[in-house]
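I opened the model to look up how its parts touch one another. My notes follow the display.

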Amino acid sequence: MEKISNPLKSVIIIFLVLLIVPFYESKRMEVLSVGMENPVLRNLALSFTSASEKIKLTLGLAGFFQQDDNFWQAFKESPQIFEYSVKTKQLSSLPPSNNSLSQPSLPTSTLPQISKIEPPYNFLLAGDSFILEGFGPALEKELILYKDTMVHRKGLYSTGLSRPDYFNWNEEIKKLVDLYNPNVAVVVFGLNDAQDQRTLDKKIIHYGTEEWNIEYGKRVDEILDILTENKISVYWIGLPNARSQSFSDKMAKLDLIFKAECQKYSDCVYFSTWELLLDSNGKYSDFLPDETGKMQPVRRTDGIHPKAYGTEILVRALINKMKEKIELQPIETE
Amino acid sequence: MLFPTFTFFAFFVFILILNWSLKQKPLLWRIFLLISSYFFYATWNVRFLSVIFIISLFNFYSAFLIDKSFQEKRKKIFLAISIVVNVLILGFFKYYGFFRESAEILLNKLGFSSNFLFLNIILPVGLSFYILRAISYNIDVYRKKILPEKSWLDFFIYISFFPQLLAGPIMRAGEFLPQLKNGGSKAIENINENFALILGGLFKKIVIASYLTVNLVDDVFAVPQNHSQLAVLLAIYAYAIVIYCDFSAYSDIAIGAAGLMGFKSPLNFNAPYLAIDFRDFWRRWHITFSKWLRDYVYIPLGGNRKGKLRTYFNVLITMFVSGLWHGAGINFIFWGILHGFGLIVGHLREKYLQQLSTNFSRTLEKIFSGFITFNLVCFFWVFFRAENMASAFDIIKQLFNWQANIEPIAVYTLYFIIFSFLIFAFGKKIQSLFVNLQSKLPLPLQVLVVSFLVIIVVKLGPDIIPPFIYFKF
């Protein structure tokens, strides 16, 4: 047999690896395929993953692949060393441990209503890139400057509530509540959510339909249920407007859903950011004047995420809002 | 389009097939290379194409003007114009905001009120890298190291060649352009080494860098005040690993991908954390950039030819440029200058080393010097990673905050840190083990081995992979 040339060999290797790996990882591949921008590649990848799943079922291998997934998921859960030990100056005692997730859920109307939150304040900040960088870290930095506060933050790029098959925030929130035992939560979602939803049972709900709004509202509701059932006061942060008008319109629609869902809960405060970053004409602006009248950049080049001064405006306003329910006292320096 | 994605490899297999099919027709092959590179770049932002096109066009003709001028003075003028234009383009996209803010602060301090024009400028990804290629090309033509490229097509490919477009390695025209002639290489040299580089790159980026970034580094560097001393200390060392694994991964995949297309690329990393001093470090870290700085900044400044003090000054200026190139911020400049001082100590060390008489004492000194260098390099990265100087000092302050909370630490972060050090030490051996194994296996088994390793990488990687760090430079 004639020896295969190296160029041909390299093509064969990459081509076959491109078949074998997505076949083996068909579930993950399916999730990634939905997010592909190129429709041809997306349909090709989805057809391939669907065929892979069928082949696995036909060959009776579905159980093996499921076990394999479970093994790796378990393997990736890292054990931890050390436990939280908090300096007494900031936090005199840990919050009461009354937030077991196994508690039966009560109808919303019968839940105890917390108007004033008692210290110590254990904050959970959770959400998408808004929490990962810019706003989230700035808020964390600010909150730890107050007495009896403890802050945990979990932000993830490119995530939201539309694609629980890609990243399931509802499950993540449960885990975070179990892990950190918070009594105040600040959540931001939506920047990546103006897209078709894909439920865990693979149902696709098209963006822009009434069904989409209802399903999205349910997801918001689920998160609020998890939090409020655990006696956690929620600050749901609305999305700001954006440079792109079409993106702004999408964010405005999401804000309506967030606000409507939040209003159903006595322990949820909807915090609108929309008007905070508008200029004096009520329009989007990359720059806003500071206290001295000097123009400062408030948005990043993407025209969505806030820059340093923008986050400062948002954090300052949110802290003022929080002070209505939380007694935030600055730590006295010795 | 990101390297460690299915989309890229689907694109790449298509590119490979056409690349090798078209080599018999060199013109078609080169047109194809340019179109595929521009397509790759357009997937980031179509508007970036106009920037790379204008830069390519400008530098193609500026090199001709430099070469065709008979008078040395005119040559110098054209060279100066070409450098200034390139630097201005880079400066406009990358440093406008930084210089505007700095100028305003300075003028305000001097009692003048100032309000420069605000512009929200998007930095075209990879610009810092292809501008360096363009500058080196003009200088090499001026120095008569190379002749100006006659084919605009080849030159445009040199500037935009997609595997190396976004983050290097920074190849010189003299290394790259001959590889385009006569349909280029007709075979792949060391196919298994190229696969080893790609697989190693995927492992370093998806498994190590992503895990440490998501689970430790990003959180600690964002708000160090809210973390324990141990977490801060681990995050500092973890970031040293992250930046190495992230950046060298990009280089490895770029070199491997170019290699599979028949192109040879220079080495960009060579176990930098095993360096015995800062001079050695810069011979091993981002090698193509270090050499660029040496040839186009340090040597033109006079290098080491003008006395001891001038040498040290030249080193500091060069590292100042290095810092500024990495980012528009005082923290980057400070990081560069710290390395400059490290390099000066490296110069002094060489003299001290000559005084040591026995091999034993020299070995002992190397171990000690290597240990100190490694720890200083890790510490200096704090200024590189932090958002600004204030954040960098927050991190350092938190290291010594004896009041800090104790917090849980994921055991895997410790494993990853330790494991990464083993990679520094044995990376090449692991690579040659793979190459030897693959060369002995029949093709079907080679496919299975590569597939198995990719599956392991995918399984170990987090759900969400952060972007490559060097893209923002």
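How many Å separate the centres of domain 1 of chain B and domain 2 of chain B, taken over C-alpha atoms? I read 25 Å for these two centres. This is a predicted model, in which local features need pLDDT of at least 70, side-chain atom pairs count only at pLDDT 80 or more, and totals for chains, interfaces and linings use all residues. Residues are numbered from 1 along each chain as its sequence is written, with chains lettered from A and ligands numbered from 1 in written order.

I took the bounds in chain B as domain 1 (6-183) and domain 2 (191-399); such bounds come from an automatic or database domain assignment. I found 21 residues of domain 1 of chain B in contact with 20 residues of domain 2 of chain B (contact: C-beta atoms, placed from the backbone, within 7 Å). On the domain 1 side, α5(B) gives the largest share, five residues (helices, H or I, of at least four residues and strands, E, of at least two are DSSP runs numbered from the N terminus).

I then looked up chain A, which is divided into domain 1 (7-72) and domain 2 (119-322). Their centres, over C-alpha atoms, are 34 Å apart.

Between the chains, I noted 52 residues of chain A in contact with 44 residues of chain B. α1(A) gives the most to the chain A side, with 16 residues.

Last, I checked the strands: β1(A) pairs with β1 (residues 409-410) of chain B in the antiparallel sense over two bridges (pairing needs at least two DSSP bridges). There, Ile81(A) has Ile409(B) as its bridge partner.

How values were computed:
Two residues are in contact if their C-beta atoms, placed from the backbone, lie within 7 Å.
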